[in-house]
Amino acid sequence: KMQAGQKRRRDDDQMMDEEEEEDTKNYVDESSEEMIPTEFEVNFADFEWDFDGIELYLQQLLYGASYDSYSLTKMVMGDEEKKIANPCTSVIKMPPVNVSQMEGEIADWEWEADVYGVGSILDFNSKQVSSFPPFQQISQFIIDTCADPNIKKSFLDILSSQPVGLLINQHVLNLPLELTARFHDNLLMDYKGLVAKNTIPFFNHILLFSTAVFPHKTSMGNSRAKKKHEPIFARAEDIFFYRHCKLNYHFLLKHDMSHDQEDKALTMKQEGVREGIVMMIPTEEWETVVKNMVDFCIGQQPN
């Protein structure tokens, strides 16, 4: 990565033809009616400007449940006292117009720009869980929301006995898959480079939180179709993780229909219900997941 204040360009290229774009819509929550037609910058988090924006995204990590998002944000950002950014954390921002239009000239990056997303991989191991409140609360969240005792035990066994990476993948919902695929590819490359340098451990599994609409379920949990349908994910890229996860569970999300009609419309869309999904992905599958994202965007058949 480049140092804070320098930029890495991720142009929002149009890499899918109309047919592929139509296929992608099957995986995207229909609350995202149009993609953002612009280019973005991906770089380190900036200690001066980005804390509040990142924390807003992390507050939604557990679907609005109360937990110590402040401490988790500090870990995601890095060592503020030493001004050392977390090398596995990137933020997505929109460059100012004058920067995107300049060619061959050096322009100052406006770090106070809004954060459109944040991605990171955090070391969620048993020692940290015992001493770090956000990880304790995340483990408790899994205990509270997983109804199947066997699946719950499998999750907790992995979290307590194996190196696990908590994948932070929070961004606005209408980012194009072309951008988020490159974003995940960049995160994976950063992670592999740091593992090679023994900066962070190799994780056996990746823990990921997501949301989706299950199209053919009613709020009572009954299926209205015999054919099995894949859930429609709020973040388009999460369908690729879902296809490769070895362990997952989902649960109904709480919402207040009387105060949030937009949420009501989303929840009941396509006679389905909006659910939280917690996934555990073997790390060896992570590279396949990212490759499938990229291949899908350039028109190749994913595995």
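Predicted model: local features only at pLDDT ≥ 70, side-chain atom pairs only at ≥ 80, totals over all residues.
## The protein at a glance

Let's start with the overall picture. The protein has 303 residues, and buried residues make up 50% of them. Its secondary structure includes 11 helices and 11 strands.

Contacts also reach across the sequence. Taking contacts between residues at least 6 apart in sequence, 78% join residues at least 24 apart.

## Helix α2 and its surroundings

Of its 8 residues, 6 are buried, so α2 is largely enclosed by the rest of the structure. The buried residues are F51, G53, I54, E55, Y57 and L58. What do these buried residues of α2 pack against? Their partners are helix α3 and the strands β5, β6 (115–124) and β7 (164–171).

The pairing with α3 can be described in more detail. Helix α2 covers residues 51–58 and helix α3 covers residues 69–77; their axes come within 9 Å and cross at roughly 120 degrees. That angle makes α2 oblique to α3, and the crossing is right-handed. On the α2 side, the contact is made by F51, I54, E55 and L58. On the α3 side, S69, Y70, L72, T73, K74, V76 and M77 take part. Sorted by class, this contact has 7 nonpolar, 2 polar and 2 charged residues.

Side chains of opposite charge can pair when their charged atoms come close. D50 forms a salt bridge with K93, with the closest N and O atoms 2.6 Å apart. This pair links distant parts of the chain, as the two residues are 43 apart. D50 sits in the loop between β2 (40–43) and α2, while K93 belongs to strand β5 (residues 90–93).

Are D50 and K93 buried or exposed? Both D50 and K93 are buried. Strand β5, which holds K93, is also one of the elements that the buried residues of α2 pack against.

## Helices α8 and α11

Helices α8 and α11 form another packed pair. Their axes come within 9 Å and cross at roughly 150 degrees, and the crossing is left-handed. From α8, the residues in contact are L177, E178, A181, H184, D185, L187, L188, Y191 and K192. They meet T283, W286, E287, V290, M293, V294, F296 and C297 of α11. By class, this contact has 11 nonpolar, 2 polar and 4 charged residues.

Two residues from that list, K192 and E287, also form a salt bridge with each other, at 3.1 Å from N to O. E287 lies in helix α11 (residues 283–297) and K192 in helix α8 (residues 177–196), so the pair ties together parts that are 95 residues apart in sequence. E287 counts as partly exposed, with a relative accessibility of 43%. K192 also counts as partly exposed, at 35%.

## Helices α6 and α7

Helix α6 (residues 133–145) and helix α7 (residues 149–161) pack at an angle of about 165 degrees, and their axes are 9 Å apart. The two helices are therefore roughly antiparallel to each other. In this pair, α6 passes α7 in a left-handed crossing.

Which residues meet here? S139, I142 and I143 of α6 meet K152, F155, L156 and L159 of α7. By class, the contact has 5 nonpolar, 1 polar and 1 charged residues.

Conventions. Residues numbered from 1 in each chain as written. Heavy atoms only, no water. Axes fitted to C-alpha atoms, helices over the stretch in contact; angles between N-to-C directions. Helix = DSSP H or I, 4+ residues; strand = E, 2+ residues; numbered from the N terminus. Parallel < 35°, antiparallel > 145°, perpendicular 65-115°, else oblique. Left-handed = near helix turned anticlockwise from the far one by under 90°. Contact = heavy atoms within 4.5 Å. Nonpolar A, V, L, I, M, F, W, Y, C, P; charged D, E, K, R; others polar. Salt bridge = Lys/Arg side-chain N within 4 Å of Asp/Glu carboxyl O. Buried < 20%, exposed > 50% of the residue type's maximum accessible area, 1.4 Å probe, protein only.
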